[in-house]
Protein chains: 4
Amino acid sequence: MVRVAIIGASGYTGAESIRIILRHSEARLTYLTALEAECGAVEDVFPQFKGRCSLQIEPLDFAKLADLADAALCCLPHKVSMGFVPKLLEAGLKVIDFSADYRLKDTSVYERFYQVKHTDADNLARAVFGLPELFRERIKGADLVANPGCFPTGALLAIVPLLKKGLVETDSIIVNAVTGASGAGKNPSEKFHFPNMNENLFAYGTGTHRHMPEMEQIAGEIAGSKVQILFQPHAGSFDRGILSTVYTQPRKNVDDEQLFGLFSDFYKDEPFVQMRKDAPAVKDVVGTNYCHIFVACIKGRIVSFSAIDNLVKGASGQAIQNMNIVFGLEETLGLK
Amino acid sequence: MVRVAIIGASGYTGAESIRIILRHSEARLTYLTALEAECGAVEDVFPQFKGRCSLQIEPLDFAKLADLADAALCCLPHKVSMGFVPKLLEAGLKVIDFSADYRLKDTSVYERFYQVKHTDADNLARAVFGLPELFRERIKGADLVANPGCFPTGALLAIVPLLKKGLVETDSIIVNAVTGASGAGKNPSEKFHFPNMNENLFAYGTGTHRHMPEMEQIAGEIAGSKVQILFQPHAGSFDRGILSTVYTQPRKNVDDEQLFGLFSDFYKDEPFVQMRKDAPAVKDVVGTNYCHIFVACIKGRIVSFSAIDNLVKGASGQAIQNMNIVFGLEETLGLK
Amino acid sequence: MVRVAIIGASGYTGAESIRIILRHSEARLTYLTALEAECGAVEDVFPQFKGRCSLQIEPLDFAKLADLADAALCCLPHKVSMGFVPKLLEAGLKVIDFSADYRLKDTSVYERFYQVKHTDADNLARAVFGLPELFRERIKGADLVANPGCFPTGALLAIVPLLKKGLVETDSIIVNAVTGASGAGKNPSEKFHFPNMNENLFAYGTGTHRHMPEMEQIAGEIAGSKVQILFQPHAGSFDRGILSTVYTQPRKNVDDEQLFGLFSDFYKDEPFVQMRKDAPAVKDVVGTNYCHIFVACIKGRIVSFSAIDNLVKGASGQAIQNMNIVFGLEETLGLK
Amino acid sequence: MVRVAIIGASGYTGAESIRIILRHSEARLTYLTALEAECGAVEDVFPQFKGRCSLQIEPLDFAKLADLADAALCCLPHKVSMGFVPKLLEAGLKVIDFSADYRLKDTSVYERFYQVKHTDADNLARAVFGLPELFRERIKGADLVANPGCFPTGALLAIVPLLKKGLVETDSIIVNAVTGASGAGKNPSEKFHFPNMNENLFAYGTGTHRHMPEMEQIAGEIAGSKVQILFQPHAGSFDRGILSTVYTQPRKNVDDEQLFGLFSDFYKDEPFVQMRKDAPAVKDVVGTNYCHIFVACIKGRIVSFSAIDNLVKGASGQAIQNMNIVFGLEETLGLK
């Protein structure tokens with residue numbers, strides 16, 4: 001039984017992690033931490049867990065942590081996380097980090113997009129990018145897994161088979177994605193105030209979204225050469241889910257059937273990637289760790305569609321999938 | 001042409017008032033004010049007015065106000081309003097006040113529910129409760145109209161014909177109402193953060209909602225005796241609208257047809273009250289100044305249903321209806 | 001391992017039952033049936049189950065059923081169900097029936113509300129009403145469990161402690177409830193067409209809703225005398241959940257603390273009923289088998305609030321809770 | 001006073017046209033028609049018009065039509081419309097046709113995409129494409145205006161300044177658009193059943209949407225050469241609005257400021273097109289005839305964003321704008 005701590009348990013990814021671990025047959029929650037102001041009984045912080053979890057969320061005590069847990073799901077924000085992760089590792093835990101702090105291998109890119117100096121280059125070098133469909137073998141032995149961003153998860157799964165085969169141009173990829181509002185986190189803001197966000201849809205982060213270099217890094221690693229991606233996120237008036245519509249330019253003629261074959265083959269052993277013969281809907285995957293993909297050739301372009309739940313496959317579900325792999329458990333535990 | 005100022009123009013009722021006045025053929029906006037921090041070009045504060053209104057929202061200057069406007073729609077919050085209204089009146093304007101400050105005639109009730117001393121008893125005494133369907137004649141000559149609360153508007157229209165005729169017990173009225181989230185105002189909060197409020201419904205203000213004494217005061221005035229109302233509000237995951245379901249105990253047998261006749265007769269000259277032969281939906285009235293009502297006898301009780309748009313008939317639309325009456329204009333101008 | 005068949009697997013309660021059984025550690029799906037026109041691979045009928053369930057939904061064959069299953073979740077509509085249940089029982093299965101056909105003990109009431117002759121009085125007599133919080137002992141030995149309606153589940157849990165203690169008048173109970181749109185079932189209709197239902201809220205079934213006699217029957221059984229309930233349902237623009245606001249008249253003075261104590265004591269051993277100290281939100285229980293309850297004394301009335309997920313505690317979850325009880329399994333399996 | 005008939009008044013664009021004409025100061029509704037099964041008092045067909053419109057919706061009688069109306073808003077479906085338009089014109093009316101039947105000048109393209117023979121080539125030849133921002137002069141003298149599709153309206157306004165100046169490649173335009181669910185029309189269907197469509201987002205019409213050739217025709221006319229557009233529509237869980245995100249490849253370097261200048265200049269006299277300095281939200285234009293546009297240079301591409309209300313600028317509002325132009329009225333009447 002893996003003993004799991006959640007660091008930063010008071011946000012949406014914390015709650016989603018609690019929900020999943022509660023029904024995991026070989027892992028159990030042992031320690032939940034948050035900033036002092038957000039502590040309290042789980043059932044007071046999250047009424048949905050009343051009667052389901054009797055733990056307290058407490059301020060982090062590293063000694064207690066070392067004593068109580070084998071794994072840490074570190075749900076801290078970008079920039080904050082790298083201040084904690086070294087100590088979590090020192091405490092002897094395996095760490096799945098939800099922030100961007102250990103995703104971008106090039107600290108200059110990190111520093112440009114996150115506007116802060118990177119302070120933990122050592123662990124960054126050792127961290128493994130936690131997309132099991134691409135890096136399962138590396139994850140197996142890892143102490144520190146950088147759990148991917150929600151948008152990169154959806155976008156990458158939609159195109160890596162193409163990149164792997166060198167089938168598409170690498171300088172003209174366009175990722176158009178729409179996320180549910182939970183992607184904005186739990187802090188109230190004007191844009192996400194219900195009467196503003198409801199019945200709404202808008203683009204944001206034009207040209208500047210931090211998931212763009214993350215996509216490019218991994219896509220580049222798979223393609224074996226520099227990849228340039230124009231990533232345009234949008235926010236929609238639904239709770240959960242990301243629909244990515246990805247446009248690529250094929251290098252040679254390819255038809256729908258060949259594309260379906262290529263993707264089906266690439267993902268044939270993947271428990272959480274499902275190839276569809278029609279366009280997936282966000283609602284088909286909400287609440288699950290699945291990614292549904294459809295790919296078609298349209299007017300000389302390849303268009304790939306992928307749907308994930310941003311809080312599950314895009315965050316907590318994938319983290320627990322990674323944790324399962326790290327600890328040698330059945331990969332799908334808690335997630336089926 | 002009535003020259004209209006909006007005091008506190010930066011909130012939801014301000015925006016809705018702007019929207020309505022923009023298409024009013026005998027009134028025009030001349031002066032918009034707000035707290036310094038919320039000032040700016042209308043089209044910057046409210047992108048929906050880009051190209052439709054070239055005014056600035058400015059800090060309030062009473063001299064300028066006196067010069068520029070005939071009517072003030074005072075959209076300030078409870079407690080704040082009574083600090084401004086005396087000066088608006090002194091400046092020679094007719095005032096339609098959106099706050100509760102001039103609604104409750106008994107200052108001890110006001111002070112108990114609003115937890116603040118009432119500082120303008122003089123104007124309170126002169127203020128007219130702005131529900132045209134009940135008090136049109138008084139409104140005609142008024143300098144100061146207390147625009148009704150959104151819940152009292154919906155609830156009262158659903159039962160005053162019964163109270164007027166003495167048809168129902170006055171000690172056992174239950175008002176169960178659900179409001180759209182715009183009722184909570186424009187300030188972001190945890191409860192109304194989109195991922196929390198979306199797909200949700202909850203009761204609030206159990207036993208303490210401030211619209212309860214307001215309903216009781218007007219209902220009592222109509223009934224000619226003390227009326228006790230159990231008012232239970234709920235918030236739902238839609239932008240606009242209030243659906244009130246009101247349960248009353250008849251004093252004698254009455255059937256559906258008699259009830260329909262009674263209500264139809266009571267409202268026969270009212271432009272904005274429509275009697276329905278089936279239960280009204282919130283969506284039937286959203287964006288309009290109409291109130292749709294259905295009334296039925298069920299298991300020995302009378303159940304009245306009313307639907308209004310909380311920002312229109314429940315706030316800005318009714319205010320402009322009142323303004324039209326005060327200035328002797330066609331009552332429906334800007335509102336059809 | 002209990003082998004479970006779902007009869008009428010192609011609707012919303014069928015899908016929800018599949019979802020729950022898929023993660024039940026001591027039950028597994030073995031046979032899914034539907035009308036010919038709605039058959040096919042589960043993953044084609046419900047894309048959300050792609051990769052999660054490899055069964056086919058097939059036309060019902062009783063011989064096959066007898067061979068393959070121990071339990072039948074019978075998700076057929078009212079009136080249809082009683083044509084199938086006798087044969088399911090004959091085939092040797094334990095049956096949890098989702099329809100109203102075995103809930104109303106008085107066939108004359110059934111026939112008045114459902115407008116059809118009851119054709120299976122024998123099994124009706126033996127059927128047990130499947131609200132475990134009230135009838136757990138009876139359910140243990142039952143062959144046929146009549147799974148309660150969604151509204152009765154929410155309403156009854158909110159008031160039975162009061163009725164059991166004789167604390168409230170039994171002739172003046174008012175149940176005001178709002179259900180999510182999934183309550184209308186999967187067949188497209190004008191009222192539930194997205195652009196009509198979205199951003200909407202309306203009352204329906206005024207005075208005629210079929211769950212009214214069901215509530216009265218069980219409430220009467222608990223109270224030990226005839227109970228009259230005015231039940232008014234509403235439909236809201238959210239997927240799932242029922243919020244019930246129930247107004248009762250106390251027979252003697254009682255305060256909030258006494259009420260909380262009474263309810264807490266009544267439900268102290270119940271795994272799925274949680275007493276709250278504030279009003280529950282629909283979102284606190286969505287996706288779970290929990291019922292959250294808050295009760296308060298307001299202006300001389302007792303107001304009880306309960307929130308459930310209409311498809312879980314109000315249908316499939318409760319059915320599986322009943323199945324667990326019938327088969328002597330841990331009651332919460334698959335439902336935590 | 002222009003006397004307006006609406007042919008096919010019982011659908012969403014009919015209702016929206018009624019709403020707008022009701023507050024048009026120089027036009028009034030005189031005749032509303034629909035299929036027999038959808039006839040009745042306006043207030044029965046559309047409860048939102050109770051007390052606002054006393055007309056009947058009747059089966060079409062051409063003699064009556066000729067007698068009662070000057071203008072026909074023809075809201076009939078594709079393929080049906082071309083059977084009626086010739087007779088509407090013969091009756092002496094100016095016709096604004098909402099269908100696609102008079103939009104595609106090349107009947108072979110029409111016949112391929114709509115799978116039916118075009119039967120009115122004569123009027124097709126004379127019909128004017130009703131996008132006032134491009135073809136105002138032609139519209140002025142027209143008897144028959146083909147009102148543009150909703151997607152082409154949003155997409156074209158977002159890129160025509162670029163095409164006019166020859167600034168972008170014409171073989172690689174990608175239009176990614178999301179429409180509100182009202183775009184699917186009023187007929188209930190499985191996909192748009194509330195519990196299916198709510199909290200959802202999906203792509204549809206991959207490679208086959210009928211608005212694609214319409215966009216290409218007009219874009220080609222503006223560019224002066226063949227234009228190829230990859231158009232991918234999506235449906236989102238909101239009532240109204242279309243957000244188009246359009247990706248184009250510039251032929252030479254251009255920066256954000258130049259783009260803003262180019263667009264601002266192109267649209268400087270347009271009452272309903274507003275240039276934004278940030279990405280527009282669907283909610284900024286809902287309920288209005290406005291189109292908000294933002295354009296930016298991102299990673300070597302030009303990305304244009306436009307937001308319209310699909311039922312107003314994308315249908316009924318634009319039709320009435322066209323009607324105003326045809327009759328020499330102030331173009332913005334009824335639409336401000």
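User: Let us start with strand S9 of chain C. How does S9(C) pair with S12(C), and over how many bridges?
Analyst: In this predicted model, strand S9 (residues 173-179) of chain C pairs with S12(C) in the antiparallel sense, over six bridges.

User: Which residue stands opposite Thr245(C)?
Analyst: Thr245(C), which belongs to S12(C), has Asn176(C) opposite.

User: What about strand S15 of chain C, how does S15(C) pair with S12(C)?
Analyst: S15(C), covering residues 301-308, pairs with S12(C) in the antiparallel sense as well, over seven bridges. Within that strand, Ile308(C) is the bridge partner of Ile242(C).

User: Is S12(C) mostly covered or exposed?
Analyst: S12(C), made up of residues 242-248, is mostly covered, with seven of its seven residues buried.

User: Which residues of S12(C) point one way, and which the other way?
Analyst: Ile242(C), Ser244(C), Val246(C) and Thr248(C) point one way, while Leu243(C), Thr245(C) and Tyr247(C) point the other way. The residues on both sides are all buried.

User: Changing topic to chain D. What is the strand order in the sheet of eight strands?
Analyst: The order in chain D is S3-S4-S2-S1-S5-S6-S8-S7; the sheet is open and its pairing is mixed.

User: Which strands stand at the edges?
Analyst: Strand S3 (40-41) and strand S7 (128-129) of chain D stand there. Each has a single partner strand, so one side of each is left without a neighbour in the sheet.

User: And how do S5 and S6 of chain D run?
Analyst: Strand S5 (residues 71-74) and strand S6 (residues 94-97) of chain D run parallel and are joined by four bridges. Leu73(D) stands opposite Ile96(D), a residue of S6(D).

User: On to chain A. Where is Tyr110(A), and is Tyr110(A) buried or exposed?
Analyst: Tyr110(A) lies in helix H5 of chain A, which spans residues 107-114.

User: Which residues does Tyr110(A) touch?
Analyst: Leaving aside residues up to four places away in sequence, Tyr110(A) touches Leu104(A) and His118(A).

User: How far apart are Tyr110(A) and Val85(A)?
Analyst: They are 25 residues apart in sequence, and 17 Å apart in space from C-alpha to C-alpha.

User: Now the chains together. How many residues of chain A are in contact with chain B?
Analyst: On the chain A side there are 14 residues, in contact with 13 residues of chain B. Helix H9 (residues 194-197) of chain A gives the most to that side, with three residues. The residues of this side of chain A divide into seven nonpolar, four polar and three charged.

User: What rotation superposes chain A on chain B?
Analyst: A rotation of 180 degrees does so, with 0.0 Å of shift along its axis and an RMSD of 0.0 Å. The same surface serves both copies, since 93% of the contact residues of chain A recur in chain B.

User: Last point: what confidence scores does the model have?
Analyst: The model scores ipTM 0.96 and pTM 0.97. Chain A averages a pLDDT of 97, and 100% of the residues score at least 70.

Methods: Residues numbered from 1 in each chain as written. Chains lettered and ligands numbered in written order. Predicted model: local features only at pLDDT ≥ 70, side-chain atom pairs only at ≥ 80, totals over all residues. pLDDT = per-residue confidence, 0-100. Buried ≥ 20, exposed ≤ 12 C-beta atoms within 10 Å, placed from the backbone. Helix = DSSP H or I, 4+ residues; strand = E, 2+ residues; numbered from the N terminus. Pairing = 2+ DSSP bridges. Contact = placed C-beta atoms within 7 Å. Nonpolar A, V, L, I, M, F, W, Y, C, P; charged D, E, K, R; others polar. Least-squares fit on C-alpha atoms with pLDDT ≥ 70 in both.
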